[in-house]
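Please keep the sequence and the coordinates at hand while reading.

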Amino acid sequence: MASHIVGYPRMGPKREIKFVLESFWDGKSSAEDLQKVAAELRTSIWKQMADAGIKHIPSNTFSYYDQVLDTTTMLGAVPERYGWNGREIGFDTYFSMARGNSSVPAMEMTKWFGTNYHFIVPELGPNVNFSYASHKAVNEFKEAKAFSNQSRLDDLLGIETVPVIVGPVSYLLSKPAKGVEKSFSLLSLIDKILPIYKFVTELKEAGATWIQFDEPTLVLDLDSHHLQAFTHAYSELESTVSGLKVLIETYFSDVPAEAYKTLTSLKGVAGFGFDLVRGTKTLDLVNAGFPSGKYLFAGVVDGRNIWANDLVVSLNTLKSLEDKVGKGNIVVSTSCSLLHTAVDLANETKLDKEIKSWLAFAAQKVKEVNALAKALSGERDEAFFFSNAAAHSSRKFSPRVTNENVQKAAASLKGSDHRRATNVSARLAAQQQKLGLPVLPTTTIGSFPQTMDLRRVRREFKAKKISEDDYVKSIKEEINKVVKLQEELDIDVLVHGEPERNDMVEYFGEQLSGFAFTVSGWVQSYGSRCVKPPIIYVDVSRPKAMTVFWSSMAKSMTKRPMKGMLTGPVTILNWSFVRNDQPRLETCYQIALAIKDEVEDLERAGIMVIQIDDAALREGLPLRKSEQASYFIQYYSYTVIRTNCSVEDTTQIHAHMCYSNFNDISHSIINMDADVITIENSRSNEKLLSVFRVGVKYGAGIGPGVDDIHSPRIPSTEEIAD
């Protein structure tokens, strides 16, 4: 039975790509150095999958920054401001588009569906000229094909991979570029980009037998116009892909019935990939009817979490599908790309052994896929299955999983009155009288740059190489520098700079009970930026105050308002690997209770401005609009609002959000009842700010972010004022 991996992490087990990228950007490494490290990583990944027995190994899933940006370069859709010369796109143009440069800003960045991965948004309109400007997909297929893998004696000529391309319809899922009429339909560009997609003939000539088009947009609410465009696109490509087996891969949710019908009706497609972890309703559609002779790529191994697969349950699912699809027509796969999970559990030498037995990172998920494929074909690895069953039993019956006191406290929070008694306009008046801020007050989001020395101090304290007194002294000196700098710049509401913190989620997770932490569990967020999500494996509680000591210290250094900085419960939830043995909402309640207690402690300490960061505002949001309203009621009305419902009118609550589309959720944001919201504005061409200008009655304060901290470019005073 065949096996398949949708995609694989691209940073490397030790973040090799991150470090060589940043060295290249700093001018310390050459393009050749960068390319060498990238080639070595790609080769090791292909070999790893080949050795594990995976039949359908993906290529072109590696990227120096982002797969959507790679597609933009393939299509030659380079905005004029980058001065592209029309030839094969090189690093200068590529990274200018991703990060900006000294003279022009970067392209917009936003989140990929409901994940914490950020993609570079294409700038598209009626006047964009497309041309075949990057041969990356073909080059990487040839690179894998040329690799000699002696462990596979049947394939001494190299590894045949499945090239992965962002599909033409999903590429056009964004909105028109700045300056283009909002009514302009990007789908009208489909006939302009399809001729370039016909480069797949080069893959066929190079020896490819399968090609994978990623079309996750199929899980969205698509109208007939979108579905017709989808049918048109693949009908136009049908003659071009003749001789290739085409796989259309979907993920992140179930496929609606009409989209399923459209997809499975395509004549030139050999296989269909479905997420059967988050798309369980798709199982009903498959059982009701699946095209004869086609392949079902069954995504039964979770690509977005780190818990070990329940092999027996997955095998039973696969066997039931086999009756409908046909023996030999099922390909065992991951639910989505493994890009969204950590790389290799083998690197976790300090993790609790029992917890470790419950987990599977990308490398282990590859083995799970292969084990399921073999079992489905009658070659079940009994030892592997026995070990898996023992781990699941250990987790199910572990006494450490449930805390009755936490369960009761969270249930009590659910039933409480969860809104502040006074309306926001009255609160803002009381806060103004208390704080005495100017008409247009200034502040920063919170964290200041951290030097190597500062990180060394934290490492040494964690390793018990320096005393607590020495650690506190070092952090206090850093806070004092930050406070003085802000006073010199005449900032109105100060922050302490967060020198004691590593990551905005990990820092809180380390002080909450119920979290476990990895050494190398890094996951790419965007570009070279990686995060190390903590693991929520049991009930969550707050043993003691987490931020009051440092915020109080900073407050004592100035007469200006000092802002307390907290990460919100939804972001802590969505930026962690969350236990899957109870509803996510239950875990969110537990975190909200902990943050509520921290807010109250900060207020008692005299901190009169408190920022709650919920950068993961849209992550976890159902992809179907019909399901989104209930999500916001549950996660925001029932959890986020409860974190600050008990504070005095004079305490100002800031809610911070970034890199999200707010157009369709603005009313839910208003319902959060924060006194001030701060949003990203510099990289989105004021799209986010415009939401609150037109058609929305918003009476609270708003703070637009005017300087993109992720770009080396510094905006002019005039640009900020404008």
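Helix α23 is mostly covered, with 17 of its 21 residues buried; buried here means under 20% relative accessible area, exposed means over 50%, and partly exposed lies in between (1.4 Å probe, protein chains only). Helices (H or I, at least four residues) and strands (E, at least two) are DSSP runs, numbered from the N terminus. The model is predicted, so local features need pLDDT of at least 70 and side-chain atom pairs count only at pLDDT 80 or more, while totals for chains, interfaces and linings use all residues. Residues are numbered from 1 along each chain as its sequence is written, and side-chain values use heavy atoms, with hydrogens and water left out.

The helix α23 covers residues 584–604, and its end C-alpha atoms are 31 Å apart, which agrees with the 30 Å that its 21 residues should span at 1.5 Å a residue. The expected span is 1.5 Å times one less than the number of residues in the helix. After α23 comes Gly606, with a positive phi near 90 degrees. Within α23, Lys596 and Glu600 lie four residues apart, about one turn of the helix. These two residues form a salt bridge, with 2.8 Å between the closest N and O atoms; the term requires a side-chain nitrogen of Lys or Arg within 4 Å of a carboxyl oxygen of Asp or Glu. Are Lys596 and Glu600 buried or exposed? Both Lys596 and Glu600 are buried.

Over the whole structure, a search finds 35 salt bridges. A network of them links Arg42, Asp70, Lys136, Glu140 and Glu143.

α2 (residues 31–52) has 22 residues and reaches 32 Å from its first C-alpha to its last, close to the 32 Å expected at 1.5 Å a residue. Gly53 follows α2 and has a positive phi, near 95 degrees.

The strands β2 and β5 bring the reader to a sheet. This open sheet has eight strands in the order β1-β10-β9-β8-β7-β6-β5-β2, with parallel pairing. β1 (2–3) and β2 (57–59) stand at the edges with a single partner strand each, so one side of each is left without a neighbour in the sheet. Two strands pair if DSSP finds at least two bridges between them. Three bridges join β7 (residues 245–249) to β8 (residues 271–275), and the two run parallel. Glu249 has Gly273 as its bridge partner in β8.

Glu249 is also one of the residues touched by Phe274, along with Val255, Tyr260, Leu263 and Phe290 among others, not counting residues up to four places away in sequence. Contact means heavy atoms within 4.5 Å. Of the 125 residues in the largest nonpolar core, Tyr171 and Phe274 touch the most other members. Such a core is a set of buried Ala, Val, Leu, Ile, Met, Phe, Trp, Tyr and Cys residues joined through side-chain atoms within 4.5 Å. A second, separate core has 59 residues, including Tyr471, Leu512, Ile536 and Ala700.

Another open sheet has three strands in the order β11-β14-β16, with mixed pairing. Its edge strands, β11 (513–516) and β16 (577–578), each pair on one side only. β11 pairs with β14 (residues 535–541) in the antiparallel sense over three bridges, and Ser513 has Ser541 as its bridge partner in β14.

The cysteines come last. With a disulfide taken as a pair of cysteine sulfur atoms within 2.5 Å, the count comes to zero. The cysteine sulfur closest to that of Cys336 belongs to Cys530, 17 Å away, which is too far for a bond. Cys336 is buried, with a relative accessible area of 0%, and Cys530 counts as buried at 5%.
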